[in-house]
Amino acid sequence: MVRSVLEAAAPGRPPAPAETAQTRVARLEALLGDPTDPGNPLGYGALLEADRAAVPFAEGEAVLDDFGLNAEFVPRELGGRLDGIDTLVRVMRPVFRRDVGLAMGYGMTTYMAASDVWTTGSERQREWLAALLLGGGRAAIAQHETAHSNDYVRSQVTARHAQGGFLLSGGKPMINNLDRAEALVLFCRTDDAPGSRSHSVLLLDPGALPAEHATVLPRHLAVGLRGCHFAGLEFDDCPVPGSALLGPLGSGIETALRSFQISRTVISAMAVAAVDTSLRTAVDFAYRHPSRTDSARTDAAVTGAFVNLLLYDSLALASTRALHLLPAETSVYSASLKYLLPRVLTETMYDLSIVLGAGIYTRDGTLGIFGKHVRDVPVLSLGHAGSAACQATVIPQLHRLARRSWFTEDAAPAALFRPGASGTGLPPLRTERLSLACGRDSLSATLLDVAASVPGRGRVERALRALAGQLVEEFRDLRHRVLTLRTEGMAARTSAACFALMDRYALLLAAAAVLGVWRHNQDGADPFLADPSWAAAALHRVARRLGARVDDLPPECMTRIRHEVHLRYSAQRGYDLYNTPVPG
């Protein structure tokens, strides 16, 4: 299949005609239809049946084929539709909103593999993979190291030099979509010596691997993402050509660290859509079963979940657009976003479960999708880019940031915070500009900039101004603590205190993103985003997480947010920053 696709593909094909992100989202939502309709073959009933059987959601995959979803993963210069990471996130959210397993099994595994090829591949490798994907093929990526807590630099696959190429030995135990992939990106050790040049990346055709030297291991069935096919691959002196090398020999760790900045950001940002569905399910249950819910507790749960979602989505928006606008600074933003995923999104779904009560155990219909998302979303926070890996990315940078950037940097550009500008006004993604550590942080400077200029018109805006001022002082205290650790020596810098400081820093970045979104969306395009109520509530939650003493919010603040929750439910609109129409 790969050969026929390549023969049919003309290198350097012109990009497909432009179609706005909003138009593509609307078209995809229309194809997926109302998920609560029992007669919809793409509804909750059908996908939950596939989940129980632990098989891919075939009807959903067929519709995504018709939509040409793979084109969203291919850069426009190679014939696809990928022109911005924030646009990719926006187009994929309808799929995540419907089924996280479908999104990961059909699409995002392919994109994660392809991202490495777009980043470091030769022209021939890029054209080969682009033709494969545009022809409907899939790709897989092999990085997980379950024997070493997913420490990917302790690869159990080695590649020894042989005549004309390499001999592979060892195994990868967990590869999503391996049995359906026609391209495989493999992370392996090519040098026994320790150091940053010890690993390389290979681009392989799994179908071309000799069966006597490459064995597919039995499938692993997970608690979450049951429809995904996780299987292992064992090599025994398996020969592969030298042309399979992706990027320079020994560049694997650098390639992985750069690609993690992209994959961490997009997966974490897309996860918002699953929580959107969980919130909608809880609100729907409260509407349909008022006698089975405590109205006060329900209101508190759904408004709190909505605020959490907007808080997290603000950082997600800033992180995705930073890949284009502030690529050198993205490493701390992407790691902080992924780190907060289980702390904010997963906790939010558990908080919403009190609305459903015993209904959370329902496996069918509208309630069944809630339980499925509860099982699926936590899986997204695991793996080589889990919480510990994110902490390991940020902690070594804290002192440099505190000394060189915090309280001296200029605020981030306004374009970082505008959800309505998907794919517009952004420079092309230049992956070579992604830095492993640059010592700059424009996003936190936005916290200082906006806090100093909140007008304070009305009680809610005055509450926002006070909360922003408190968080500035929390940020000042964070800087002092980081610098103090430095003076106390290496033992202090590797102590548990560093992990607590990183946690505080991630929350302050989210608060800065909230203020940026509120400040730079005062044009009236979305009156709710221009309202200080949601921003004040989000900062209030951050301050409480940090342990700060805060005054109660004005009653009209939560009243406005509660009204918006019910308004979006009735008008069938999404609960994220984009506020777009959703079916059902």
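A cavity is a set of points, on a 1 Å grid over the protein atoms alone, where a 1.4 Å probe fits but cannot get out. Grid points are joined across faces, edges and corners, and a volume is the space filled by probe spheres set on the points. This is a predicted model, in which local features need pLDDT of at least 70 and side-chain atom pairs count only at pLDDT 80 or more, while totals for chains, interfaces and linings use all residues. Residues are numbered from 1 along each chain as its sequence is written, and side-chain values use heavy atoms, with hydrogens and water left out.

**Cavities**

Rolling a probe the size of a water molecule over the atoms shows where empty space is left. Here the count comes to 3 cavities of 30 Å³ or more. The largest cavity holds about 110 Å³ of space. Its lining has 15 residues, and Phe57, Asp99, Gly101, Leu102 and Gly227 are the closest to its centre. A lining residue has an atom within 4 Å of a point. Two elements give two or more residues to this lining: helix 3 (44-52) and helix 6 (100-120). Helices (H or I, at least four residues) and strands (E, at least two) are DSSP runs, numbered from the N terminus.

The second largest cavity is lined by Val25, Arg90, Arg93, Pro94, Arg97, Asp576, Tyr578 and Thr580. The table sets out both cavities.

**Arg81**

Arg81 sits in the loop between helix 4 (58-67) and helix 5. Arg81 counts as buried because its relative accessible area is 13%; buried means under 20%, exposed over 50%, and partly exposed in between (1.4 Å probe, protein chains only). The side chains of Arg81 and Glu72 are joined by a polar contact of 2.8 Å. A polar contact is a pair of N or O atoms within 3.5 Å; within protein, one must be able to donate a hydrogen and the other to accept it, and residues adjacent in sequence count only if both atoms are side-chain atoms. Leaving out residues up to four places away in sequence, Arg81 touches several others, among them Arg24, Arg27, Phe67 and Glu72. Contact means heavy atoms within 4.5 Å.

Strand 1 pairs with strand 4 (residues 183-189) in the parallel sense over 4 bridges. Pairing needs at least two bridges found by DSSP. Ala139 stands opposite Ala183 in strand 4.

Phe230 lies in strand 7 (residues 230-241). Phe230 is buried, at 12% relative accessibility. Its contacts beyond four places in sequence include Met174, Ile175, Pro218 and His220.

**Ala537**

Ala537 belongs to helix 20 (residues 532-545). Ala537 is buried, at 2% relative accessibility. Not counting residues up to four places away in sequence, Ala537 touches Val307, Leu553, Cys557, Met558 and Ile561.

How values were computed. On a 1 Å grid over the protein atoms alone, a cavity is a set of points where a 1.4 Å probe fits but cannot get out, and a pocket is an open set with protein on both sides within 12 Å along at least five of seven lines; lining residues have an atom within 4 Å of a point.
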